[in-house]
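Please look over the structure shown below, and then read the notes that follow it, which are grouped by topic.

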Amino acid sequence: MSAPGNLTGYADPLNARCGGSVDFMLHDATPGTAEISLVRLLHGDTNPLGPGFVEKEVTGVTLPRTVAVGPQYVPLGSWARARDPDGVLSASLPSATLFAFIKPTMPGAREQIIAGTWDPATKRGFALLLTEGGQVALRLGDEAGTAEIVCPKPVAAHAWHFVAGGWDETGKLLIWQKGLISRWNSLVGPAPGYDLDAAATEQLERPVLPCGGQFTLAAALTGDDRAVAHYNGKIDRHGILNAMAGHDELASLAAGELPAAERLLAYWDTTAGYTDKGIGDVIRDVGPHGLHAHGINRPIRAMTGWNWDGRNDSFRLAPHQYGGIAFHDDALVDCGWQASVSIEIPPDLPSGIYALRVSKDGSEDHVPFFVRPDKARADMAVLMPTFTYLAYANEHLSFEAPIAQAICANTPVVSEADLTWKQQEAFGLSTYDVHSDYAGVCYSSWRRPIQNMRPKYRMPAIGAPWAFPADLSLIWWLDAAGYEVNVVTDHDLAAEGLELIAPYRAVLTGTHPEYYSLGMLDALEDYVAGGGRVGYLGGNGLYWVTEVRDEEPWCIEVRKLDTGSRAWQAAPGEGYLATTGDRSGLWRARGRPPQKLVALGFTTEGMDESQPFERMPDSFEPEAAWLFEGVGHDELIGNFGLGLGGASGLEMDRYDLTLGTPPHTLLVASSFNHSDNYPLVSEDITYAFPGRGGTQDPQVRGDIAFYANAKGGAVFAAGSIAWSQALPCNGGRNNVARIMTNVLDAFRSSDPPFLPRT
Ligand SMILES: [Fe+2]
């Protein structure tokens with residue numbers, strides 16, 4: 001589809017490296033010339049209580065002053081295309097049968113191509129499709145004209161069917177449909193007695209012998225190589241016979257029998273290719289010509305198929321029941337834009353957060369990216385939560401979720417910029433959104449403009465920055481306080497593991513390090529166990545099992561499962577990641593609660609107001625004296641902040657020995673007096689009863705905790721998203737900053753004031 005008018009773009013890779021390069025893909029609906037410059041981002045939040053937006057011009061990097069920009073196409077929608085170099089399927093087919101198992105989710109919405117070679121531009125080829133009326137049809141086209149036969153009965157939404165269309169050289173057409181609703185596989189069961197079986201034949205006066213086109217799944221391809229008429233729903237095994245099938249043969253196929261080899265032109269076995277580590281985007285044709293199809297924009301695999309019997313909850317146990325591939329007309333994993341400009345990053349450029357500042361005709365955008373060092377060049381690293389940034393990328397929750405206002409207890413504050421973006425939804429969805437058929441979004445990518453990963457962006461539902469722009473408050477304070485740090489990202493840690501962070505004395509997290517891969521979690525755990533020191537400076541961290549493919553790091557996958565604060569919930573049997581084969585959902589549900597590593601774990605969220613921390617008895621123990629040097633006994637810690645006015649707020653974590661907080665952990669501070677807009681998190685709710693809000697449940701609080709181990713490793717955990725957003729207040733001189741200074745000075749020391757303990 002056409003991209004919106006705004007001047008915007010994305011950087012690839014998002015996690016660039018000193019000595020490497022980064023490409024910028026820019027777009028503006030109106031062609032012209034944009035001025036560009038490289039800036040270092042230090043602060044984003046424009047709240048007047050902080051330093052405001054702070055950027056520094058970067059010199060010493062070769063960059064043109066201007067670049068040409070123009071409109072770029074956004075290839076929205078997932079689909080697949082078969083490789084057919086010898087033109088097996090585009091040759092004239094005098095007689096054939098095209099068949100597929102389907103579970104449509106939006107029949108009747110508009111015309112949707114299920115499979116075939118139909119080219120809407122030339123009106124040639126063949127296809128099975130859903131008509132505007134939600135009926136399956138076979139369409140044929142040759143140089144002399146087109147023909148179509150429509151099934152007399154519409155399909156049912158969210159129900160499995162076997163459908164087939166056939167033709168022969170005499171001009172006979174056939175359409176055939178059989179309902180396959182089982183106890184397990186569809187939205188409704190057998191009890192209502194849906195009769196979805198139907199068939200029709202027709203005799204044309206002149207046979208239509210389709211030819212031309214490329215074989216596609218879930219969309220048709222136009223002459224300019226653009227996919228249109230996207231299908232929403234699942235497609236399971238499908239194929240083409242080299243002759244018109246009879247009733248018995250169709251009944252046999254609908255029962256799941258394999259077609260006879262001599263009858264096959266192609267047969268895409270969507271269950272082929274699974275391994276214990278997941279499945280990729282290739283849909284294998286096990287027929288004689290090997291016309292494998294390649295998915296575009298990640299058609300979703302590891303999904304139940306028409307024959308799922310409910311016994312196994314993963315493709316790892318029953319791959320033959322996982323032939324379903326889900327397609328969505330609004331999926332977007334890779335814009336695939338042309339690079340407008342590339343930058344070679346000097347080896348000695350300071351590691352940090354940068355942006356290409358782009359301006360044209362009075363509008364301006366910052367396209368951010370991260371630069372990590374070629375090797376550790378400081379004793380501390382900030383681990384930027386880029387997985388979280390992608391999980392939230394272009395979230396629509398603030399606009400579309402009816403619960404958003406109830407969660408936030410705020411009237412949304414919507415700016416003109418928000419409305420402009422809302423009108424322009426071409427850049428895809430976040431893992432907080434659902435597709436047009438209400439299925440959850442499990443993939444999110446940096447290969448597209450991300451409106452809320454911008455320095456000045458403010459989440460309209462809460463009127464404050466979230467994630468990337470909020471994390472800049474930590475970056476600004478570190479710089480202002482004179483700490484030299486390297487910047488690394490989740491993506492670097494996922495790819496390199498412990499080796500990335502091992503050289504640093506300390507690693508600091510962002511405000512909301514929520515999405516974690518197994519490799520990231522293991523690396524951070526090994527880092528602490530081996531003597532590393534972690535400043536866990538956030539809320540709701542280490543929460544969702546999230547993975548990327550090694551070779552395609554730009555795209556994360558997460559599946560939201562049966563517990564946790566979740567925007568959607570995966571369907572039964574669909575909780576394992578196609579990316580790696582891992583069970584997704586909460587790390588806590590896999591035996592890895594965050595308390596085991598950072599002493600704290602998610603306990604509440606709210607967005608009306610934040611509160612200060614208060615010192616707890618452990619803070620007065622001699623072993624905690626160093627931590628509170630300069631802080632009075634009764635002093636409220638962080639009764640200020642850019643995150644709703646306090647250091648404990650938005651999302652908070654608590655100490656809990658039953659969830660793995662190390663028993664020798666010092667619980668040094670907690671927050672109180674939270675409102676009932678802060679309820680206890682759902683994963684802690686077994687029985688539902690009233691009284692779980694902040695005014696009633698003592699588990700609704702934020703905690704600050706500390707522990708050290710025998711190797712000199714240590715964790716300081718301030719379990720609140722709002723913690724680092726308090727740092728910039730009063731010019732960076734305040735008691736939150738004082739505690740941070742105490743922590744960082746200790747963490748950087750070879751002779752720290754904390755005693756190794758176990
Ligand atoms: Fe979150």
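The charged end of Arg 139 sits over the ring of Trp 118, 5.3 Å from its centre, where a charge counts as over a ring if NZ of Lys or CZ of Arg is within 6 Å of the ring centre and within 35 degrees of the ring normal. This is a predicted model, in which local features need pLDDT of at least 70 and side-chain atom pairs count only at pLDDT 80 or more, while totals for chains, interfaces and linings use all residues. Residues are numbered from 1 along each chain as its sequence is written, and side-chain values use heavy atoms, with hydrogens and water left out.

**Charge over a ring**
- Lys 456 likewise lies over the face of Phe 53, at 4.4 Å from the ring centre.

**Iron site**
- The iron ion has as its protein donors Tyr 392 (OH), His 512 (NE2) and Glu 514 (OE), which lie 1.9 to 2.1 Å from it; donors are N, O and S atoms within 2.8 Å of the metal (3.2 Å for Na, K and Ca), and since water is not among the atoms, sites may look incomplete.
- Along the chain, these donors of the iron ion follow the spacing Y-x119-H-x1-E.
- His 512 and Glu 514 are buried, a term that means under 20% relative accessible area, with exposed being over 50% and partly exposed in between (1.4 Å probe, protein chains only).
- Tyr 392, at 8% relative accessibility, also counts as buried.

**Aromatic pairs**
- A search of the whole structure finds 28 aromatic pairs, where rings of Phe, Tyr and Trp (its six-membered ring) pair if their centres lie within 6.5 Å, and planes under 30 degrees apart count as stacked, over 60 as edge-to-face and the rest as tilted.
- The rings of Phe 101 and Trp 306 are stacked, because their centres are 4.5 Å apart and their planes stand at 5°.
- Phe 101 is buried at 3% relative accessibility, and Trp 306 is buried with a relative accessible area of 14%.
- The rings of Tyr 392 and Trp 466 have centres 6.0 Å apart and planes at 65°, so this pair is edge-to-face.
- One aromatic cluster is formed by Phe 99, Phe 101, Phe 162, Trp 176, Tyr 267 and Trp 306.

**Strand β9**
- Five of the five residues of strand β9 (residues 112-116) are buried, so β9 is largely enclosed by the rest of the structure; strands (E, at least two residues) and helices (H or I, at least four) are DSSP runs, numbered from the N terminus.
- Four bridges join β9 to the antiparallel strand β10 (residues 125-130), two strands being paired if DSSP finds at least two bridges between them.
- Within β10, Leu 129 is the bridge partner of Ile 113.
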